[in-house]
Amino acid sequence: MSLRDDSKPDTILTHAGRNPHANFGVVNPPVYHASTIVFPTVEAMEDAQKKRFFAMTYGRHGTPTTFALEEAVARLEGGWRAIAVPSGLAAIVGAITGFVRSGDHVLVTDNVYGPTRKFCDETLARFGVETTYYDPLIGAGIAQLFRPQTRLVYTEAPGSLSFEMQDIPAIAAAAHKAGLKVLMDNTWATPMFCKPFKLGVDVVAHAATKYIVGHSDAMLGIIDCTEESYLTVRNAVAQLGYSVGPDDIYLGLRGLRTMGARLRQHQITATKLANWLKTRPEVERVLYPALPEDPGHALWKRDMTGASGLFGVVLKPFSKKALAAMLDGLELYGMGASWGGFESLILPAHIETVRTATRWTAAGPTVRIHAGLEDPDDLIKDLERGFERLRGTN
Ligand SMILES: *Cc1c(COP(=O)(O)O)cnc(C)c1O
């Protein structure tokens, strides 16, 4: 079976990275458990070693199960080659590490995923790499922050707590003019809804833990690269010692097959919840770039073909106790980190505590909702009962 060059995303999701007729007709790629790879001759071994990451040499560098997932994601997103790593944070660390050395400077968006900020502030700093955070809305103005030591610009759109969109093509054009690399965390839009390489991004990091795995049952990351960036990142990942167990890779592949169908339902439900929330007196503002009135809507429409199920809700000022009464009693929304699974989640988001370049000025608390695959009307009724508790508690 093969995929035509003009295959659409859902067709790629269904067919990329598998070849049943090379495997007894079995539809899915087998799960290869491996450490040692043995060779019949010295010549065959040396040949494989010369090919490095383009041949099977050692379990840590992947097996045909790994390569199947890497091939499918790269094909869908338009990358040259992808690299599977043990978590989304591992993808971010692996992507950044390849490009920086002591004395360098990096620019990171102020709405970045929290643990990315921690990696920059602590590990990168310890190794002599300085980070400057920039306003996510900076666009082409990023050029004013470039220094001779700047190596890369790190982007994330929309930010996964505050949901600002970034003008990635403007940032990438400025960065490339100065010879800098552009990295993007594309977890929210997934390789389905955003094609970062078309926007000028060099290296994409994904928390595949979220929508690619899609069932809240495995940790997984993907780094997707242009041809020019691939070996730099691949070497860094190899030296960091990352390796992903084949069963988790398999869960990623299995999740990927249904990701298009799931994402469309997540978007329908998130849009329905967002539109209902907008009408509520307890709500100040909904943060979801798919809404026409969202400040990031024009960029979202230009650069993405869909929205996932994660969005923010800024509430009017309420006490901590009142918010807890609302959240504690919810029956369908789990409270916890991560998102992208089949189930709905809700979380208080303390955005004001994680900014340094910009100020988060909302007067009331913000909650982050992941719209799962439950019936949207049941989800709305659960929130409605939550708002009654919110208003009824001082
Ligand atoms: C969850 C998340 C990550 C990290 O992924 P893990 O698999 O949990 O390490 C990175 N970026 C974003 C935007 C995320 O939401």
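Mentor: Helix α4, residues 88–97, supplies three residues to the shell around the ligand, the most of any contributor; helices here are DSSP runs of H or I with at least four residues, numbered from the N terminus. The model is predicted, so to speak of local features requires pLDDT of at least 70 and side-chain atom pairs count only at pLDDT 80 or more, while totals for chains, interfaces and linings use all residues. Residues are numbered from 1 along each chain as its sequence is written, and side-chain values use heavy atoms, with hydrogens and water left out.

There are 14 residues around the ligand, and Gly-88, Leu-89, Asp-185, Thr-209 and Lys-210 come nearest; a residue belongs here if one of its heavy atoms lies within 4 Å of the ligand. By type, the shell has six nonpolar, five polar and three charged residues, with Asp, Glu, Lys and Arg taken as charged, Ala, Val, Leu, Ile, Met, Phe, Trp, Tyr, Cys and Pro as nonpolar, and the others, Gly among them, as polar.

Polar contacts are pairs of N or O atoms within 3.5 Å. A backbone N or O atom of Gly-88 is 2.8 Å from a ligand oxygen atom. From Asp-185, a polar side-chain atom lies 2.6 Å from a nitrogen atom of the ligand. In the side chain of Trp-339, an N or O atom is 3.2 Å from an oxygen atom of the ligand. The protein buries 92% of the 370 Å² that the ligand exposes when taken alone, by the Shrake-Rupley method with a 1.4 Å probe.

Terms used. Polar contact = N/O pair within 3.5 Å; in protein donor to acceptor, adjacent residues only side chain to side chain. Helix = DSSP H or I, 4+ residues; strand = E, 2+ residues; numbered from the N terminus.
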